[in-house]
Amino acid sequence: MSNMRAVPEAALKDSKAPIESTKIETTAWKDFLALIKVGIVNSNMITTFTGLWLALHFSGMHFLNNLDTMFFALAGSGLIMAGSCSFNNYYDRDIDPLMERTKNRPTVTGKVSPGKVLLLSIVLITVGVGFLALTNLTTAVIGLFGVIAYIGLYTMFAKRRFVSNTIVGSISGAVPPLIGWAAIDPQLGTLPWMLFLFMFLWQPPHFYALAMKRVEEYRAAGVPMLPVVKGFKRTKLSMNLWVATLIPLPFFMAELGYFYVILAVALSIGWLILGIYGYKMKDDIKWARLMFVYSLNYMTILFVVMVIVTLI
């Protein structure tokens, strides 16, 4: 494991000065939110809720009669995500000083000891899996699989070793809608697996855009992200191929109605057009920023619309 955590000594030394000079005063609550990566937790809660809502709708079950199940599922999924992200902060505390967006995390500044962060991670995951188990065993197993995929497969194994680390990380990121659906209906049918596939296919182009924006930071940290190893041209091709795989997916989600299918296909084609336009743009970073923003709106719109079409 030591080879996974090796970071150039010179790089670490060079990183100390700017960290010390740019320390940001934060409250204990802000430090906690940074440790659990609240932005990631919130975005994944949207997909968990969508899975819950759709399962209720297609099972003919009433929202108000299942408030306890919804609470345990949402709280449990939120806790295991927070715990997994906390572990990621604990594990990556040696390379986080080398990246602008992570250099002020509490694990880097020393405001929170590594031991406390590890304990927080264990507690959050344990309580979270317990909450999921209060819905049914299937939900707890899926949630635990998501934790193992993120901590074991991605953070500890793939992130620092393989250029495919983003694809490996996409497995855990696709689990939340399955958790939500299984809490209501453990007999997972086609639609929940399409939600899983949707999230899996969406993540590579989303995170490759972020990696292009932060390519020099990842290079300094020794993380073999696709733009670092293969360059921007290869990354653009890969992003467009992943986006293209999203285009036929809505046709397998016809239960959501023609409006949703047409909207999803149109937005996917729009994303691909923007991706292809990247070959004409001279500013690769500006293009990556546009792709990143589009990906966020794309995911948010389509998951919100999944709920809306069931109310019409």
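**Exercise 1. The cavity**

Which residues line the largest cavity? Describe this cavity in the predicted model.

*Solution.* 
Step 1. A search of the whole structure returns one cavity of 30 Å³ or more. The volume of the largest cavity is about 30 Å³.
Step 2. Its lining consists of F198, L246, L249, P250, M253, Y260, A264, Y298 and L302.
Step 3. Two or more of the lining residues come from each of the elements α14 (258-277) and α15 (284-308).
Step 4. Sorted by class, the lining holds nine nonpolar, no polar and no charged residues.

**Exercise 2. The nonpolar cores**

Determine which residues of the largest nonpolar core touch the most other members, and which helix gives the most to this core.

*Solution.* 
Step 1. The largest nonpolar core has 88 residues, and those that touch the most other members are F198, Y218, M253, L256, Y260, Y298 and M306.
Step 2. Helix α10 (residues 190-213) gives the most to this core, contributing 14 residues.
Step 3. Another core, of five residues, lies apart from it; I36, V41, M81 and L124 are among its members.
Step 4. Take M253 as an example. Beyond its neighbours within four places in sequence, M253 is in contact with L191, M194, L195, Y260, V261 and M306. M253 also belongs to the lining of the largest cavity.
Step 5. As general background, nonpolar side chains tend to be buried together in soluble globular proteins.

**Exercise 3. T135 in a loop**

Locate T135, classify its burial and list its side-chain polar contact with T139.

*Solution.* 
Step 1. T135 sits in the loop between α6 (114-133) and α7 (137-158).
Step 2. Its relative accessibility is 19%, and the limit for buried is under 20%, so T135 counts as buried.
Step 3. A polar atom of the T135 side chain lies 2.5 Å from the backbone oxygen of L132. The side chains of T135 and T139 make a polar contact at 3.3 Å.
Step 4. Apart from neighbours within four places in sequence, T135 is in contact with T69, F72, A73 and A183.

**Exercise 4. Two lysines in loops**

Where are K103 and K37 found, and is each of them buried or exposed?

*Solution.* 
Step 1. K103 is in the loop between α4 (67-91) and α5 (106-109), whereas K37 is in the loop between α2 (28-35) and α3 (38-59).
Step 2. K103 has a relative accessible area of 9% and is therefore buried. K37, with 13%, is likewise buried.
Step 3. The side chain of K103 is joined to the side chain of E100 by a polar contact of 3.2 Å.
Step 4. Turn to the backbone. Most residues other than glycine have a negative phi. K37 is not a glycine, yet its phi is positive, at about 55°.

Notes
Residues are numbered from 1 along each chain as its sequence is written. This is a predicted model: local features need pLDDT of at least 70, side-chain atom pairs count only at pLDDT 80 or more; totals for chains, interfaces and linings use all residues. Side-chain values use heavy atoms; hydrogens and water are left out. On a 1 Å grid over the protein atoms alone, a cavity is a set of points where a 1.4 Å probe fits but cannot get out, and a pocket is an open set with protein on both sides within 12 Å along at least five of seven lines; lining residues have an atom within 4 Å of a point. Grid points are joined across faces, edges and corners, and a volume is the space filled by probe spheres set on the points. Helices (H or I, at least four residues) and strands (E, at least two) are DSSP runs, numbered from the N terminus. Ala, Val, Leu, Ile, Met, Phe, Trp, Tyr, Cys and Pro count as nonpolar, Asp, Glu, Lys and Arg as charged, and the others, Gly among them, as polar. Buried means under 20% relative accessible area, exposed over 50%, partly exposed in between (1.4 Å probe, protein chains only). A polar contact is a pair of N or O atoms within 3.5 Å; within protein, one must be able to donate a hydrogen and the other to accept it, and residues adjacent in sequence count only if both atoms are side-chain atoms. Contact means heavy atoms within 4.5 Å. A nonpolar core is a set of buried Ala, Val, Leu, Ile, Met, Phe, Trp, Tyr and Cys residues joined through side-chain atoms within 4.5 Å.
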